[in-house]
Amino acid sequence: MDDRGWMRVALGEAERAAAAGEVPVGAAVVSAAGELLAAAHNRRESDQDPLAHAEVLAIRAAAARLGGWRLDGATMYVTLEPCAMCAGALVLARVRRLVFGAADPKAGYCGSLGDLTRDQRLNHRLEVASGLLADECGALLRDFFARLRAGAPQAL
């Protein structure tokens with residue numbers, strides 16, 4: 001599968017998040033061999049856990065599947081630019097590559113507000129590709145928040 005196909009996996013996770021009343025962000029971790037290691041979506045509200053971002057949950061599941069914390073060679077696909085916490089988690093997990101959809105000018109830390117993923121002072125850096133299926137990823141978020149502002153139930 002190519003980058004677009006894997007981003008569609010992440011989009012499917014984001015749709016599941018929206019259906020559960022969560023901010024619709026989805027993530028997928030793919031091995032260097034092209035195998036899906038894990039996919040997850042935001043669960044902060046469901047789990048009442050401020051750390052339950054899609055990226056963190058996917059990293060945890062991928063590491064558990066591999067039996068180790070190093071995700072060497074892996075690519076993370078995520079529908080929204082990761083925040084500082086998630087960008088840091090990607091660096092610490094030694095993910096090789098990040099592909100994200102929509103930029104996040106308010107909280108993104110992979111190029112928007114700052115860039116932990118490519119900071120030369122850190123001991124690991126990622127390749128970053130942005131904007132893949134950005135319109136679809138952004139529309140899902142915009143629609144979710146428009147419904148929320150209109151007083152509609154969060155779940156689809």
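Predicted model: local features only at pLDDT ≥ 70, side-chain atom pairs only at ≥ 80, totals over all residues.
Buried here means under 20% relative accessible area, exposed means over 50%, and partly exposed is in between, using a 1.4 Å probe and protein chains only. Residues are numbered from 1 along each chain as its sequence is written, and side-chain values use heavy atoms, with hydrogens and water left out.

So where does T79 sit? T79 belongs to strand β3, residues 75–80. Helices (H or I, at least four residues) and strands (E, at least two) are DSSP runs, numbered from the N terminus. Leaving aside residues up to four places away in sequence, T79 touches M7, A10, L11, A14, P24, V25, G26, G101, A102 and C137. A contact means heavy atoms within 4.5 Å.

Now hop over to L141, in helix α5, residues 134–149. L141 has a relative accessible area of 10%, so it counts as buried too. Along the chain, L141 and T79 are 62 residues apart, yet their C-alpha atoms are separated by 9.4 Å. Again not counting residues up to four places away in sequence, L141 touches V23, P24, V25 and L80. Helix α5 also holds D135, but D135 is exposed, because its relative accessible area is 67%. D135 and R97 are 38 residues apart in sequence, and their C-alpha atoms lie 21 Å apart in space.

Next comes helix α4, residues 84–92, whose buried residues are C86, A87, G88, L90 and V91. What covers them? The cover includes α3 (54–66), β3 and β4 (97–102).

What about the cysteines? A disulfide is a pair of cysteine sulfur atoms within 2.5 Å, and by this rule the count is zero. The closest cysteine sulfur to that of C83 is in C86, and the two are 3.8 Å apart, so they are too far for a bond. C110 is in no disulfide either, as its nearest cysteine sulfur, that of C83, is 8.4 Å away. C83 counts as buried at 17% relative accessibility, and C110 is buried at 2%.

Finally, step back to the whole chain. It has five helices and five strands, and read along the sequence they follow the pattern α-β-β-α-α-β-α-β-β-α. With 156 residues, a compact globule would have a radius of gyration near 15 Å, and the chain agrees because it has 15 Å. That radius is taken over C-alpha atoms, and the globule rule is 2.2 Å times the number of residues to the power 0.38. The C-alpha atoms fill a box of roughly 45 × 30 × 30 Å along the principal axes. Buried residues make up 49% of the 156 residues. Among contacts between residues at least 6 apart in sequence, 56% join residues at least 24 apart.

As for charge, the chain has 18 positive and 19 negative side chains, and the centres of the two sets lie 2 Å apart. Lys and Arg count as positive and Asp and Glu as negative, while His and the chain ends are not counted. Each charge is placed at NZ of Lys, CZ of Arg, CG of Asp or CD of Glu.
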